[in-house]
Amino acid sequence: MPAELIDGAAIAREIRAEVAREVHRLAQRRIVPGLTVVLVGDDPASAVYVRSKGKATEEAGMRSVTIRLPATASQAELLSCVDALNADPSVHGILVQMPLPKQIDTVAIVRRVRPEKDVDGFHPVNVGKNLIGERDGFVPCTPAGVQELLVRSGVQTRGAECVIVGRSNIVGKPMMALMVQNAAGANATVTVCHSATRDLAAHTRRADILIVAAGRPRMVMGDMIRPGAVVIDVGINRIDDASAKSGYRLVGDVDFESAREVASKITPVPGGVGPMTIALLLRNTARAAEQLA
Ligand code: NDP
């Protein structure tokens, strides 16, 4: 029997509705959560992400501001922009869109954002809080979204073998930190695989929960999946497709057709993890406003 689909779009709508209710409650205390996104340069993909974040922020009843800096902006200019946002009481969440131009030291920018406004969860203080299981920090939106998908789909995580493919600071590592906690929606036995892992399939085949974030189109095939496993595909890859109007289509890091014959539940691409990332960004922003009040 083909796997049940985990409908990320529907679950993300549920979360966005919860955030909108929270924003309404904050409005009664005269608090309007504000998210400011800083976009440096004119990378077209980044511009699309920033537009959709702005639209979703407004739809949730929050204030959305986008600051555009030229691709030639200096480190000092960007740092002073972040400093101004750190000091502005109407700004509760700050998001500096990545990637940044070459002349900018990304690590220094990430460290400059006040941890209390770091709704991306990339500041070392928030990274540390996630690792030690302190819940008042911010967890990066994509792994937090994956955990919500598991919880809201009724997946048993306690004691489960959870195998994560990928160890980036944005997805794989924070995912590991979340799933290993002695907490609801976690308490799994976690294995993290990467490009130096020997015999990847031997690990993926042990997984009750397989989370793939490798950035390699259709790398995980059905025969690498344990029958009945839950498969979360974080990957978003463009591949050429002459039959599509745009000339390309989006695929995940998992080969959906072969995987769905083996898995018990699976996320599609698009419509799986993708919509969750924005939903969790909105939730983080509403919480930042509440905590800063
Ligand atoms: P990175 O490129 O930063 O990290 C990829 C990770 O996968 C690395 O740790 C790498 O190992 C590992 N890897 C690559 N090839 C293999 C392999 N053959 N076997 C085992 N491990 C491998 O990517 P991100 O984490 O930023 O993103 C991963 C994917 O998720 C991408 O497709 C991206 O587009 C997507 N994404 C989707 C989001 C969403 O909203 N749905 C948000 C963020 C990302 P090593 O460290 O050794 O190089």
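Trainee: Why does the largest pocket lie between domain 1 and domain 2?

Mentor: This is a predicted model. The chain is divided into domain 1, residues 30–114, and domain 2, residues 140–274. The pocket lies between them because its lining takes residues from both domain 1 and domain 2.

Trainee: How far apart do the C-alpha centres of domain 1 and domain 2 lie?

Mentor: Take the domain bounds as 30–114 for domain 1 and 140–274 for domain 2. The C-alpha centres of these two domains are separated by 29 Å.

Trainee: How much space lies in the largest pocket, and which residues are closest to its centre?

Mentor: The space in the largest pocket comes to about 1400 Å³. Its lining counts 45 residues, and those closest to the centre are Y49, T142, I236, G274 and T277.

Trainee: Which element gives the most to the lining of the largest pocket?

Mentor: Six elements each supply at least two lining residues: α2 (44–59), β4 (93–96), α6 (141–152), β9 (237–240), β10 (248–251) and α10 (274–292). With seven residues, the element that gives the most is α2.

Trainee: How do the residues of the lining of the largest pocket divide into nonpolar, polar and charged?

Mentor: The lining of this pocket is made of 45 residues. By class they are 27 nonpolar, 12 polar and six charged.

Trainee: Now the ligand. Of the residues around the ligand, which come nearest?

Mentor: The shell around the ligand holds nine nonpolar, 10 polar and three charged residues. Of the 22 residues there, the nearest are R167, S168, S195, I236 and T277.

Trainee: Which side chain has an N or O atom 2.8 Å from an oxygen atom of the ligand, besides that of R167?

Mentor: R167 places a polar side-chain atom 2.8 Å from a ligand oxygen. V234 uses its backbone instead: an N or O atom there is 3.5 Å from an oxygen atom of the ligand.

Trainee: What share of the ligand's accessible area does the protein cover?

Mentor: On its own, the ligand has 930 Å² of accessible area, and the protein's share of cover is 70%.

Trainee: How many cavities of 30 Å³ or more does a search of the whole structure find, and how much space lies in the largest?

Mentor: The search turns up one cavity of 30 Å³ or more. The space in the largest cavity is about 90 Å³.

Trainee: Which element gives the most to the lining of the largest cavity?

Mentor: The lining is made of I94, L95, V96, M98, I109, V110, V113, D118, D120 and F122. Two elements give two or more of these residues, β4 and α4 (106–112). By class, the lining has eight nonpolar, no polar and two charged residues. With three residues, the element that gives the most is β4.

Trainee: Where does P99 lie, and what is the peptide bond from M98 to P99, cis or trans?

Mentor: M98 is among the residues that line the largest cavity. P99 sits in the loop between β4 and α4. Omega from M98 to P99 is near 0°, and the bond is cis.

Trainee: What is the phi of D199?

Mentor: D199 is in the loop between β6 (189–193) and α8 (200–204). It is not a glycine, yet its phi is positive, at about 55°.

How values were computed: Residues are numbered from 1 along each chain as its sequence is written. This is a predicted model: local features need pLDDT of at least 70, side-chain atom pairs count only at pLDDT 80 or more; totals for chains, interfaces and linings use all residues. Side-chain values use heavy atoms; hydrogens and water are left out. A residue is near a molecule or strand if one of its heavy atoms lies within 4 Å of it. A polar contact is a pair of N or O atoms within 3.5 Å; within protein, one must be able to donate a hydrogen and the other to accept it, and residues adjacent in sequence count only if both atoms are side-chain atoms. Accessible areas come from the Shrake-Rupley method with a 1.4 Å probe; for residues, only the protein chains shown count as cover. Ala, Val, Leu, Ile, Met, Phe, Trp, Tyr, Cys and Pro count as nonpolar, Asp, Glu, Lys and Arg as charged, and the others, Gly among them, as polar. On a 1 Å grid over the protein atoms alone, a cavity is a set of points where a 1.4 Å probe fits but cannot get out, and a pocket is an open set with protein on both sides within 12 Å along at least five of seven lines; lining residues have an atom within 4 Å of a point. Grid points are joined across faces, edges and corners, and a volume is the space filled by probe spheres set on the points. Helices (H or I, at least four residues) and strands (E, at least two) are DSSP runs, numbered from the N terminus. Domain bounds come from an automatic or database domain assignment.
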